[in-house]
Amino acid sequence: MKKILILSVAVAAMLFTACGPKEEEIVNSSALQGIKLAPSSVTLEEGESVKLHVKYTPDSAKATAPKVLWYSDKQRVASVNEEGLVTADRVGTAVITATCGKFEAKCTVEVTKLELPQPEPDPQINFSLSTELINAPAKGGTFDITITTDTTWKAACEKSWAHLSQTEGKGNATIQVTVDPADSESTLTQKITFSVGKGKYFVTIQRKGKIMAITIDQSQIDVPVTGGTYTVNVTSGNEEWDVDVNYECYYLKDHITYTKSGNSVTFNVGKYNYKYDGIFNKMKWVYESKEYRHFDANFTDGDLKTTLRIVQHMPYAGASGIPSNNGYDENTAKEQTSYTIHIECNFPWSLYFTYSDEQSNFRYHENCISDFATVSPSSGTGDADVVVTVTPRKKNNKPTGGSANLYLKGIGDWSEVGSIFLGDFYVAQD
């Protein structure tokens, strides 16, 4: 009986394994296998826009697929925002690419010149309009058209999202065109037709589509150690957008200020100062990163938001061409030897040595042992090539060994720049 029970359990297990869904199949059933764009090609007139839609294979992969990133190979021809809204800016051809994880899809955008309808004048009548084109923003607005004539005229809009303050009259007049706010993301175009005698005249209205995201003209500002002033332009669906800066520490709040004016924000970043961070450890971070602090400026418009990163770079210095002798070996100078090294630096600097004698371990500072090690030039601003000359010295008329440690010091307030160790230069002792 025991054997029969064991067999039954084994058979049941095999049946479940054979008939039940495999765990791997369940996981992979919704795995992303590719994407496509709809439409895959489109022709737009200057100023028009179209929303591109991503189709996932399979459809169920959409829920777990990575965020789609958008890119235009010719931003000045057709630009694309992070929602896939393409705007035609000037005549030409651009390719819009959407990437989702390792998959990508493309849409070719052909931008043609905006063709305005040509008037059909009545040769017997004098008639003119102050404009042929009205460019309306997504929020709509009111625009004036001045009519110059000495006869009767009639006017009519082609579509219902534009309205005229006056549809007929006689002689000169100024009428207002009211354009409704956009209710979709597409840029729409219509014409106003003026009928005069046997002739027709036209004014074209082009209204931008509804803005579905708040955007800024740059995503990161790189600020040097000296600070600076920078202006960021903002595009938003509403006028009531706002901005605030997320400070890393409360004591940095006065380091950066900003002023909002119209559709732009001006940021003022103060000069780098070590007193904010209290770093006096021989510039340890210099070799790890050229950044020392950043701020996030958050732009918001209702539920829409975007972030600007302001990165201020710490004082940076380094050197190449320094001999790699970490002790007394065959590379140690036994006679006068010169090395050309390249200084990389983003602030005014000066160089100096400290010297360590083998016997006494006594330190001499600030080039007081010029007979042992010298450098030329000893100061500068920015990158430079310098020559280090090491001369074995004698003590009691006998050669004595030691090492010269090369340092770079910022010119100015010591607390702002600090002192940076660049490398060692060794001499032999016979």
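# Exercises on a predicted model

Val 179 counts as buried because its relative accessibility is 2%, where buried means under 20% relative accessible area, exposed over 50% and partly exposed in between (1.4 Å probe, protein chains only). The model is predicted, so local features need pLDDT of at least 70 and side-chain atom pairs pLDDT 80 or more, while totals for chains, interfaces and linings use all residues. Residues are numbered from 1 along each chain as its sequence is written, and side-chain values use heavy atoms, without hydrogens and water.

## Exercise 1: The chain as a whole

Describe the secondary structure of the chain, its share of buried residues and the sequence range of its contacts.

Solution. 
1. The chain has three helices and 37 strands; both are DSSP runs numbered from the N terminus (helices H or I, at least four residues; strands E, at least two).
2. Of the 430 residues in the chain, 39% are buried.
3. Contacts (heavy atoms within 4.5 Å) between residues at least 6 apart in sequence join residues at least 24 apart in 62% of cases.

## Exercise 2: The surroundings of Val 179

Locate Val 179 in the secondary structure and list the residues that it touches.

Solution. 
1. Strand β16, residues 173–179, contains Val 179.
2. Leaving aside residues up to four places away in sequence, Val 179 touches Ala 136, Gly 140, Gly 141, Phe 143, Trp 161, Ile 205 and Arg 207.
3. Ala 162 is 17 residues from Val 179 along the chain, and 4.5 Å separates their C-alpha atoms.
4. Two of the residues touched by Val 179, Trp 161 and Arg 207, also meet each other: Arg 207 lies over the face of Trp 161, at 4.4 Å from the ring centre. The criterion is NZ of Lys or CZ of Arg within 6 Å of the ring centre and within 35 degrees of the ring normal.
5. A further case is Lys 260, which lies over the face of Trp 241, at 4.1 Å from the ring centre.

## Exercise 3: Aromatic pairs

Solution. 
1. Rings of Phe, Tyr and Trp (its six-membered ring) pair if their centres lie within 6.5 Å; planes under 30 degrees apart count as stacked, over 60 as edge-to-face and the rest as tilted.
2. With 31% relative accessibility, Tyr 258 is partly exposed, whereas Phe 267, at 0%, is buried.
3. Ring pairs also link Phe 127, Trp 153, Phe 194 and Tyr 201 into a cluster.

## Exercise 4: Strand pairing

Give the strand order of the open sheet of four strands, then assign the faces of strand β31.

Solution. 
1. The order is β19-β21-β24-β23, with antiparallel pairing; two strands pair if DSSP finds at least two bridges between them.
2. The edges are β19 (215–216) and β23 (256–261), each of which pairs on one side only.
3. Strand β21 (residues 228–235) is joined by six bridges to strand β24 (residues 264–269), and the two run antiparallel.
4. In β24, Asn 268 stands opposite Thr 229.
5. In a regular strand the side chains alternate between the two faces of the sheet.
6. Strand β31 (residues 373–376) has Ala 373 and Val 375 on its covered face, and Thr 374 and Ser 376 on its uncovered face.
7. Four bridges connect β31 to strand β33 (residues 384–390) in an antiparallel arrangement; Val 388 of β33 is the bridge partner of Val 375.
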